[in-house]
Amino acid sequence: RFRRPTGAPRCPHGRRMLGLIRAHPLLKPGALAQARRNNPLTASVLTAYGVVTLGDAAVQTAGGSFAADRNAAAATWAAATAPAYYAWWRWLDRRWPGTGIGACTVKALLNQVVTTGPNNAGYVTWCTAWRPRAAGTPPSAVWAEVRARLREDLPSVLPQAFAFWIPCNTANFMLVPLQHRVLFLSVANCAWAGWLSAAVNRGWGERAEGGGGER
């Protein structure tokens with residue numbers, strides 16, 4: 001059995017991540033299976049929230065830090081959008097049924113065209129609004145920061161989103177049943193959301209003196 005050497009420093013970020021994992025409702029025995037049976041939309045929320053929570057925590061911890069508010073911002077956005085994605089994929093399946101390459105390519109391309117702009121713009125806005133700021137920062141300063149982030153980040157995020165997600169969504173439509181698609185996309189989202197969260201949340205927790213965070 002491995003024992004930590006006497007006097008070796010503990011890792012507070014690792015302890016925080018472990019506590020986050022242990023407390024997560026998704027990891028309670030049978031929670032996800034029961035939710036999927038009773039309410040697939042609830043299951044999609046639990047799945048998205050759980051995977052993004054753990055994925056972002058892993059990315060942050062690997063970088064030597066952990067900001068719980070940044071993690072909550074990423075996870076709550078994933079959870080909030082999961083039911084809409086589930087309903088949207090169900091409509092696509094009804095409109096273009098089947099798992100042939102033609103139908104799945106149409107669904108993947110249409111999915112990307114419809115969702116990429118609003119989803120990424122919403123994510124950047126949501127995470128930027130969550131950023132810690134000095135007390136008394138006026139709302140106008142927050143929205144000025146949101147607009148600056150959108151101008152700075154979206155032009156580079158959107159083409160990379162197309163390149164990453166079109167193959168993932170094509171495989172998702174071809175190979176994965178509807179009830180498991182949120183799980184599949186959430187696993188893929190670990191890599192994507194980890195990168196995007198790190199890019200959007202540069203300087204998270206850093207506060208300018210008397211100001212409202214990074215500009």
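How many disulfides does the protein contain? The count comes to zero disulfides, where a disulfide is taken as a pair of cysteine sulfur atoms within 2.5 Å. In general terms, a disulfide is a covalent bond between the sulfur atoms of two cysteines.

The model is predicted; local features need pLDDT of at least 70, side-chain atom pairs count only at pLDDT 80 or more, and totals for chains, interfaces and linings use all residues. Residues are numbered from 1 along each chain as its sequence is written, and side-chain values use heavy atoms, with hydrogens and water left out.

The secondary structure consists of seven helices and zero strands, giving the pattern α-α-α-α-α-α-α along the sequence. Helices (H or I, at least four residues) and strands (E, at least two) are DSSP runs, numbered from the N terminus. Of contacts between residues at least 6 apart in sequence, 72% join residues at least 24 apart, a contact being heavy atoms within 4.5 Å. His180, in the loop between helix 6 and helix 7, is partly exposed at 29% relative accessibility. The C-alpha atoms of His180 and Pro40 lie 9.5 Å apart, although 140 residues separate the two in sequence.

Buried residues account for 40% of the 215 residues. A nonpolar core is a set of buried Ala, Val, Leu, Ile, Met, Phe, Trp, Tyr and Cys residues joined through side-chain atoms within 4.5 Å. In the largest such core, of 25 residues, the members touching the most others are Ala48, Trp89, Tyr123, Trp165, Phe173 and Trp192. Two or more residues each are given to this core by helix 3 (40–62), helix 4 (68–95), helix 5, helix 6 (139–175) and helix 7 (181–200). Helix 4 provides the largest share, nine residues. Beyond its neighbours within four places in sequence, Ala48 contacts Ala78, Ala79, Ala82, Val182 and Ser186.

Val114, located in helix 5 (residues 101–130), is partly exposed, with a relative accessible area of 38%.

Definitions and conventions: Buried < 20%, exposed > 50% of the residue type's maximum accessible area, 1.4 Å probe, protein only.
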